Amino acid sequence: MAADTKTEANGRPAHAGRPGRPTPVGHARERGDRRLGYALVTPVIVLLLLITAYPLIYNIWNSFHFDNLSFGGLPHNFVGWKNYTTMFKSSEWVSALERTLVFTVVTVVFDMVVGLGLALMMHRPFRGRGFLRAAILVPWAVPTVVSAMLWKTMFDPSAGFVDYILAAFHPAWSSIAWLGANVWRSWIAIFIADSWKNIPFVAIILLAGLQVIPNDIYEAAKIDGASWWQSFTRVTLPMLRPALSVALIFRTLQALLVFDVIYIMTRGGPGNSTETLSFLNYQTFIVNTDFGAGGAQSLVLVVLALAVSFVYVRAFRPQVS
Amino acid sequence: MSSSRPVRWRAVGVTLTAAALATGAAACSSGSSSSVAGNAKQTITFAESGLGTEGAQTQAAINAFEKANPNITVKVQVLSSDSTTYLSQLEHNFIAGSSTPDVFESDVTYPAKFAQAGWVLSLKQFNPDMSQFFPTEVAAGTFNGQQYAMPWFDNPEGLFYRTDLIKTPPKTPAEVVSDAQAAMKADKSLKEGIAFEADKYEGAITSFLTLDAPFGGKLDPANVNTPGNVAALKWLHDAIYVSKIAPQAVTGWQEGQVQAQFSSGYTPFAINYPFVEAQPAAAAVKGHIGYIPFPAGPGGTPGSALGGEMLAINAKTAHADAAWKLIQYLTSPPVETARAIAVGDPPSLPSAYTPALYSKAPYFQDVKTLNTYAAPRPVNPNYLKVSSDLQTLFSSVYASSSPNAAAAAFAAGAASVKSDAAATPGS
């Protein structure tokens with residue numbers, strides 16, 4: 001207090017931008033504005049930090065400690081890298097990783113190829129194109145929980161649509177149990193449900209990409225004598241690069257983190273043959289309440305997703321020519 | 001102009017943030033440890049999952065309790081009816097060290113875990129008389145020799161059969177197969193010979209337990225790979241792949257689907273819980289429902305599996321005496337009988353199976369018999385992990401059509417059950 005009074009007594013303004021005084025220069029005023037801006041966003045920043053940074057950091061902390069609710073009375077000892085080494089050594093995690101990677105590659109390739117085909121088709125003028133474009137969005141607009149439930153019902157061995165169709169072809173194909181009864185059939189059902197939902201997403205993104213390619217480039221190619229295939233590989237694909245990269249990044253990350261369709265349709269079964277990394281993580285975290293091991297699993301998953309995005313972003317960086 | 005008051009604004013921001021943090025901190029430390037005598041005026045919180053008629057019945061019992069104990073007010077906290085969510089809601093309170101709920105409903109598989117964590121009060125101080133309850137559910141609430149939870153109601157899983165199709169109930173597991181085959185041959189409206197839960201969920205464990213003892217098996221996580229357990233699981237596997245009395249679709253069935261098959265008249269046998277009795281059924285099924293323990297094979301005893309709910313007290317409560325009074329009231333014979341009549345929850349006390357109950361719902365005579373056989377699931381603090389291992393084990397066995405693949409899946413599953421059940425973590 002004494003120091004403040006002294007400063008005032010010295011005749012120097014304690015606060016440059018005080019109200020009521022003429023603002024000397026625009027500079028100080030600007031600074032005042034900036035301060036107000038900071039003050040206004042502070043509560044939001046604090047809130048965001050509390051609900052995002054805090055859990056993330058807490059999760060990192062957890063992953064290096066023993067924290068399992070089934071042993072809630074035990075102290076949360078520091079265990080070093082143990083949660084990570086146990087995970088890398090567990091056959092369950094390694095198989096889940098393999099399954100997730102295979103699922104990602106297969107679905108992403110399939111979705112991209114079929115999605116591109118659909119986009120090329122919808123790009124051509126024909127009657128009912130507007131209706132088709134709107135209709136194709138429907139599967140994407142349905143929440144995965146709903147669409148997975150829908151497909152689970154469709155694959156029901158006694159009441160399902162799939163059973164009905166197959167039985168119509170051949171009586172021996174009726175009453176086939178798809179989910180939980182056989183590893184391959186379970187995967188096929190999951191794959192169909194997943195693609196049904198995600199192909200439209202790829203198609204719409206690529207369609208938007210196709211629409212911004214100027215028509216005169218195609219005309220120029222035609223004049224130069226390019227075949228359909230040549231104009232597709234030399235014009236369409238390179239010009240579609242930005243759209244392709246967006247679709248690819250989104251689809252890959254979604255496939256890598258796939259959870260809901262598995263949770264609804266098979267719960268990882270039969271056995272744990274359809275368990276993906278995210279499902280295993282849910283199982284460890286929520287069902288087994290092992291926050292140490294679950295934390296380690298989720299962080300590895302985050303690192304994996306970041307690594308994939310990084311590779312993609314590098315690969316699809318706009319080339320400066 | 002507002003923009004010319006930066007300093008004051010910042011002060012406001014800081015104050016608001018500090019206030020928010022302080023409120024949060026206060027909310028986190030609401031635990032209290034002083035205890036209130038049972039006869040003092042107080043309010044206790046009771047957490048339960050009951051909805052609809054079950055919830056209404058609990059509320060009616062609590063109203064009567066409050067009338068009998070005017071000094072105690074009971075606040076009912078209805079948590080999720082989904083068991084996984086219910087468990088995590090309870091655990092959030094415990095981890096935060098909250099003194100509420102003072103008393104709560106607990107599945108039969110939770111007490112060991114809660115006791116190990118130090119979240120529930122040992123009931124030793126109240127000297128409970130456990131001899132009046134069915135011993136199987138008492139065992140589910142016991143951990144390291146101490147009682148932590150009181151049996152509230154007892155749901156034994158057993159074998160349902162159609163009395164019109166199966167004239168004399170089967171005496172052995174082999175007879176179940178032959179009876180099912182005969183019934184399927186005689187009645188073409190049947191879709192299968194037996195329905196049971198084989199989906200990958202907790203019910204796969206109880207349906208297995210129902211016929212484990214009949215083969216002389218015992219579900220001890222430390223030693224799953226025993227001849228008895230193998231024989232029991234082989235019977236279920238054979239039902240799908242050898243005798244084919246069960247469709248492969250059972251691998252996707254939970255108790256709801258099993259009940260639907262039975263109530264619709266599609267199957268002469270079903271392994272399920274007593275709730276089937278109270279469900280609307282097809283005309284052919286109505287009045288033709290038999291309910292027995294799964295018949296014993298050589299060297300076995302009749303089989304049933306224990307499901308049900310218990311009542312326990314929060315270790316941090318300040319109202320232990322009042323909470324105990326509420327538990328005593330809810331588990332007294334007339335209150336349990338009333339609950340059974342109103343909503344069909346089978347009493348945990350043999351003495352609550354009264355002629356009045358039988359006259360309202362005769363099937364409770366069968367339920368009482370089954371309760372004397374009901375085998376509890378393994379009592380283990382790491383039960384959630386053990387359970388998911390077991391679910392994986394059963395699910396992979398049921399999905400392996402060849403006996404060799406099934407045996408390999410069984411051996412692998414038994415090994416992971418053993419290691420997780422013996423886990424001594426924390427080092």
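How many residues of chain A are in contact with how many residues of chain B? The points below begin with that matter, after a word on conventions.

This is a predicted model, in which local features need pLDDT of at least 70 and side-chain atom pairs count only at pLDDT 80 or more, while totals for chains, interfaces and linings use all residues. Residues are numbered from 1 along each chain as its sequence is written, and chains are lettered from A and ligands numbered from 1 in the order in which they are written.

1. Chain interface. In chain A, 40 residues are in contact with 39 residues of chain B (contact: C-beta atoms, placed from the backbone, within 7 Å). On the side of chain A that touches chain B, α2 (26-63) and α13 (277-287) of chain A each supply at least two residues; the largest share, eight residues, comes from α2(A). By class this side holds 17 nonpolar, 20 polar and three charged residues. Here Ala, Val, Leu, Ile, Met, Phe, Trp, Tyr, Cys and Pro count as nonpolar, Asp, Glu, Lys and Arg as charged, and the others, Gly among them, as polar. Helices (H or I, at least four residues) and strands (E, at least two) are DSSP runs, numbered from the N terminus.

2. Helix α13 of chain A. Eight of the eleven residues of α13(A) are buried, including Leu277(A), Phe279(A) and Tyr282(A). A residue is buried if 20 or more other C-beta atoms lie within 10 Å of its own, exposed if 12 or fewer, and partly exposed in between, with C-beta atoms placed from the backbone. The buried residues of α13(A) pack against α4 (91-123), α12 (260-265) and α14 (291-315) of chain A, and also against α14 of chain B. In the loop between α12 and α13 of chain A lies Arg267(A), a residue other than glycine with a positive phi near 50°. Arg267(A) counts as buried, with 23 C-beta neighbours inside 10 Å.

3. Domains of chain B. The domain assignment, which is automatic or from a database, gives domain 1 (42-154 + 307-375) and domain 2 (156-305 + 379-421) of chain B. The C-alpha centres of the two domains lie 28 Å apart. In domain 1 of chain B, 20 residues are in contact with 24 residues of domain 2. On the domain 1 side of that contact, α13(B) gives the most, with six residues.

4. Strand β3 of chain B. Four of the five residues of β3 (103-107) of chain B are buried. Two bridges join β1 (42-48) of chain B to β3(B) in parallel, and five bridges join β3(B) to β10 (304-313) of chain B, which run antiparallel; strands pair if DSSP finds at least two bridges between them. Ala47(B) stands opposite Phe104(B), and Glu105(B) stands opposite Leu311(B). In the loop between α3 (83-95) and β3 of chain B lies Pro101(B), which a cis peptide bond joins to Thr100(B), with omega about -5°.

5. Helix packing in chain B. Helices α7 (202-210) and α14 (383-398) of chain B pack at an angle of about 70°, with their axes 8 Å apart. Axes are lines fitted to C-alpha atoms, for helices over the stretch in contact, and angles run from 0 to 180 degrees between N-to-C directions. The two helices are therefore roughly perpendicular (65 to 115 degrees). The residues of this contact divide into five nonpolar, three polar and one charged.

How values were computed
Angles under 35 degrees count as roughly parallel, over 145 as roughly antiparallel, 65 to 115 as roughly perpendicular and the rest as oblique. Two residues are in contact if their C-beta atoms, placed from the backbone, lie within 7 Å.
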